[in-house]
Amino acid sequence: MFERELMLTHRQEEHDRLHHEFLTSTDGATRKRLIQEHDAIVGPDHWSYMCYARTHSPLPSPYFGSQGRYIEPLLKLLVHRHPDMHAISDATSGSNAPMYLAKRMGLRVRTNDWCHMSYFVSRAVVVANHEPPNMVSIDPERVVPVPGFVKSLELFPYDVATYIDGVATLALAHDDPLTLAALAGTLVSGYTYRGMCYDKNWCREATLVVFHNRLLKRRGLLQAAILRDQPEGEAFNLDAEDFVSLPGEHDTLYMDFAWPWTTGAPVDTYDFFSRDISSVLLQKPLEKHQFTTKEDIVPKILAIWKKALGHYNRLILSTQSTNYPPGDQLEEVLLSEFGPRCKYHTFYDVVSSVNSKPFRELVYVVER
Ligand SMILES: C[S@@+](CC[C@H](N)C(=O)[O-])C[C@H]1O[C@@H](n2cnc3c(N)ncnc32)[C@H](O)[C@@H]1O
């Protein structure tokens, strides 16, 4: 049986009351006051947390999930419950916000994602404690345009597209993940994302100067995020199932999967980052990934976790209430599969940074 990581009843009631008030208010000042009130009564580090104000990722990476908003209280909860915890691996690291914060808390980190952009960010910021050795100085004079794949990003004018190709060529030749991460982030933040657009017009209007400045700024922010004097981490670019099967004994595995929506529609938006933009940056066509559907999500999660149990002491799975399967069904599956190993679960109330809708993030913990 999963133990509920319980809030004291009166705190639960207070949380629910303030949560409801928060959701019905549209005024920023009132929301701010409610958060302060919540923190004063329920406690900012309490197991459940209103994360409304904390909607930014600690890294200048584009949106890849919502973890940036509540990973801090979650990690604090884990360290509090498991004082022996000294390392954490993320099988689907996305923006890298979770492992970046873990590293800041002094935990040894390992990251993985099959998406290249995530991998570049990991290598540049989460794994390295120093500037990558072959740093490219992005001097437009040094960038020799190599018109190539980038032309598939038709939104960009020709001079910007050829410049992107040139920077990617230079960064690849110098094995410079910092520049690749900045380039990917700049492309993602300006390019359409399945109908949504981070900045609708700037791709079409981008001039070389605007693009160059945005790239330098993002690269500077990433560079500033590099943590010095922390243990070296490791980064992988594998399917999660292969990552958790790597030999060795590890402490804790964290996983926030690309779940299908409640409707069962697969969340294949990450394919855009993984394939279209990465194929431009790596200058080779990449295969389309197989994304999980309503039918295969549970078998896939169970396959990953069964393999992970051979190597990890503790498994943590995070999903949101807008995902499929719903929390109660998922809990039943985990209980029937892992029985007494199911230890506890907790939740975080969050507001989506994409459409401002509230949802609940559910977190399950299973031990070996
Ligand atoms: C919900 S996002 C993770 C968000 C991340 N926790 C964050 O805070 O940014 C899911 C991630 O899983 C990755 N992913 C999906 N299926 C995968 C697989 N089979 N193997 C490795 N990575 C996968 C996607 O590329 C995406 O980055």
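How much of the protein chain, out of 368 residues, counts as buried? After that, please walk me closely through helix α7 (residues 177-190).

Author: Happy to! This is a predicted model, in which local features need pLDDT of at least 70 and side-chain atom pairs count only at pLDDT 80 or more, while totals for chains, interfaces and linings use all residues. Residues are numbered from 1 along each chain as its sequence is written.

To your question: 43% of the 368 residues count as buried, where buried means 20 or more other C-beta atoms, placed from the backbone, within 10 Å of the residue's own. The chain holds 13 helices and ten strands, which are DSSP runs (H or I, at least four residues, for helices; E, at least two, for strands) numbered from the N terminus.

Now to α7. Its 14 residues reach 20 Å from first C-alpha to last, close to the 20 Å expected at 1.5 Å a residue; the expected span is 1.5 Å times one less than the number of residues. Of those 14 residues, 13 are buried, so α7 is largely enclosed by the rest of the structure.

One of its neighbours is helix α5 (residues 116-127), which packs against α7 at about 135° with the axes 8 Å apart. Axes are lines fitted to C-alpha atoms over the stretch in contact, and angles run from 0 to 180 degrees between N-to-C directions. The two helices are therefore oblique, the class left once under 35 degrees (roughly parallel), over 145 (roughly antiparallel) and 65 to 115 (roughly perpendicular) are set aside. From α5 come Met117, Phe120, Val121, Arg123 and Ala124, which meet Pro177, Leu178, Leu180, Ala181, Ala184 and Val188 of α7; contact means C-beta atoms, placed from the backbone, within 7 Å. These residues divide into ten nonpolar, no polar and one charged. Here Ala, Val, Leu, Ile, Met, Phe, Trp, Tyr, Cys and Pro count as nonpolar, Asp, Glu, Lys and Arg as charged, and the others, Gly among them, as polar.

Helix α9 (residues 208-225) packs with α7 as well, at about 125° with axes 9 Å apart, so this pair is also oblique. On the α7 side the contact uses Leu178, Thr179, Ala181, Ala182, Leu183, Gly185 and Thr186, and on the α9 side Arg214, Leu215, Arg218, Arg219, Leu222 and Gln223. This contact divides into six nonpolar, four polar and three charged residues.

Notes:
Two residues are in contact if their C-beta atoms, placed from the backbone, lie within 7 Å. A residue is buried if 20 or more other C-beta atoms lie within 10 Å of its own, exposed if 12 or fewer, and partly exposed in between; C-beta atoms are placed from the backbone.
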